Each structure stands twice: as structure tokens, then as C-alpha cells.
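The following paragraphs lead the reader through a structure, one element at a time. The sequence and the model are shown first.

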Amino acid sequence: MARRARETSGTGIYHVMLRGINRQNIFEDEEDYLRFAELLFMMAFPTNDSGKPLPPRCFFYAYCLMTNHVHLLIKEASESLSAVIKRIGVSYAQYYNKKYIHFGHLFQDRFKSEPVNDYAYFFTLLRYIHQNPMAAGLTKDVARYRWSSWSEYEQTGNGIQTICSTKPVLSRMPLNDLRELVNDPLPKNTLILDFDSGSNMKTDDELRSFLFSSFGLKHPIDLQFYSRDSMNDILRKAKEYGGSIRQISRLTGISFTIVRNA
């Protein structure tokens with residue numbers, strides 16, 4: 001079966017996640033984190049062989065490097081999202097495999113991405129990405145985690161070259177307000193791109209049965225013909241039941257963005 005095409009962002013901005021295959025660690029020591037950060041810098045500030053600056057391949061608004069995965073808030077520029085992520089993934093895998101005499105794939109088969117089409121979700125993701133270390137129990141304070149972009153907003157320095165385009169963000173929200181927002185924990189039921197199905201997620205057959213028994217939908221795709229209010233109500237209940245956003249989108253044919261925002 002052919003892979004489903006990635007949903008395109010109208011803004012060119014995406015939330016991206018790269019994860020180690022079988023959840024394996026992709027960072028073992030400080031040198032590894034610094035090498036990955038260097039690759040991000042090279043995407044945002046590329047040069048030719050003579051050191052002459054080239055047009056940015058992309059722009060970053062946020063990043064967080066965790067032990068076995070990476071979150072990026074990225075905007076396409078002179079290269080496509082897939083081309084940029086491929087450059088990063090291939091370069092880092094070559095570095096890692098040589099250093100640790102590792103064979104085979106380093107990253108999960110295909111990186112995950114979702115479009116970011118409005119500022120409300122943009123700032124939700126900015127919070128989510130910087131709060132990742134807190135959610136994992138690695139720190140109690142966003143500012144204390146070295147391997148994220150928050151120090152670029154605070155301009156405190158973390159020994160990493162400046163990677164992110166912070167000015168466009170701060171032009172929409174002053175630093176004091178952004179600091180308060182980023183340090184306010186997101187509700188646990190906040191819906192962000194789901195990478196795992198989790199123990200409470202339902203199978204396709206279970207979700208189909210739920211939609212039929214609860215709403216009389218013989219075929220999930222029939223939901224497309226409901227009024228927007230009724231559709232959103234059913235989508236919310238399907239998510240509460242345990243359907244993932246991507247699963248619901250796939251079964252109903254309704255776009256990921258509409259399902260997520262319902």
C-alpha cells in the first residue's frame with residue numbers, strides 16, 4: 001500500500017518529530033547533542049564550500065532534543081521539509097554509526113509531521129515542545145533544560161549557536177507573556193500529534209462499531225455529510241472514546257486539521 005501523502009501546511013510551518021528506531025537512544029553524551037544542534041544550525045545558516053552564506057534551507061522557531069527523540073517547529077524556506085529532515089537524519093546517522101560502531105537504521109522509518117496553520121496552535125506547540133523535558137521528569141523548570149531552544153528566547157546562552165528565528169515570535173507575544181505561557185503546564189488532554197497509539201487507543205473495528213452504535217454511521221466516511229456542528233460533536237466524542245486523530249482522519253476522510261480542532 002502506498003504511503004499516505006503528508007498534509008500540507010498553508011503557512012509552510014510544521015511540527016516534526018524524529019525518534020530512534022524501537023525507541024532507542026539517539027543521544028548518549030554531550031557531544032551527540034551538540035552535533036545534532038550543529039546540523040540544525042547548518043540548515044538555518046548554510047554556507048558553500050568557500051564559507052559564503054547561502055539562502056536558509058529552513059527556519060526553526062523551537063526545538064527540543066530528548067534522549068530518544070527530537071521535536072522541531074520548522075518553516076520551509078529554500079528546500080522542502082522532507083529534504084531538510086533527510087539531510088539532518090542522514091548526516092546525524094552517519095556520525096552516530098561511526099562513533100558507536102552501530103549498524104542498521106538509527107531513526108524510526110519515517111519522521112512524523114503535522115501542519116501548523118494558525119497562531120493558536122503555533123503557541124500551543126511552542127509550549128509543548130519546551131515542556132517536553134518537564135513532562136518526562138527531567139526538570140521542573142523549562143529554563144533549566146539545556147538541550148532546547150528556550151535559552152534563545154531568554155538569551156541566557158546554553159553553549160549552542162543561535163539556531164531559531166525568535167524575533168517573529170516575540171513580535172507577536174512579548175517575552176514576559178511568552179515566558180508565563182511556556183511555563184504554564186499544558187492540560188494533559190491537550191491534543192498534539194500522536195506518535196503512539198497507547199493502551200487506551202481503539203482498533204479501527206472498535207472505532208467503526210462505536211460510530212455505528214452511538215451515531216448510526218454505517219460508514220465512517222458518511223460523517224462528511226453532517227453539519228459542521230454535528231460533525232465536530234461526533235469527532236470530539238470519537239477522540240474521547242480513544243480514537244487517535246490520524247486514525248479518525250483516515251477512516252472518515254476528514255482532514256487531520258479539522259479532526260484535531262474539533
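In this predicted model, strands β2 and β3 run antiparallel and are joined by seven bridges. One of the pairs involved places C58 with E76, its bridge partner in β3. A hairpin of three residues carries the chain from β2 to β3.

Strand β3, which spans residues 69-76, also pairs with β1, residues 13-19. These two strands are likewise linked by seven bridges, and their course is antiparallel. Within this pairing, Y14 faces I74 of β3. In general terms, the strands of a sheet are held in pairs by backbone hydrogen bonds, and such pairing may be parallel or antiparallel.

These pairings belong to a wider arrangement. Four strands make up an open sheet with antiparallel pairing, and their order is β2-β3-β1-β4. At the edges stand β2, covering 58-65, and β4, covering 112-115, each of which has a pairing on one side only. On average, neighbouring strands of the sheet are turned by 20° against each other, if direction is ignored.

A helix accompanies the sheet. Helix α1, formed by residues 30-44, lies across β1, β2 and β3.

Why is β2 largely enclosed by the rest of the structure? Buried here means a relative accessible area under 20%. Seven of the eight residues of β2 are buried, and therefore the strand is largely enclosed by the rest of the structure. Strand β2 is thus described both as an edge strand of the sheet and as a largely enclosed one.

Notes. Residues are numbered from 1 along each chain as its sequence is written. This is a predicted model: local features need pLDDT of at least 70, side-chain atom pairs count only at pLDDT 80 or more; totals for chains, interfaces and linings use all residues. Side-chain values use heavy atoms; hydrogens and water are left out. Two strands pair if DSSP finds at least two bridges between them. Axes are lines fitted to C-alpha atoms, for helices over the stretch in contact, and angles run from 0 to 180 degrees between N-to-C directions. Contact means heavy atoms within 4.5 Å. Buried means under 20% relative accessible area, exposed over 50%, partly exposed in between (1.4 Å probe, protein chains only).
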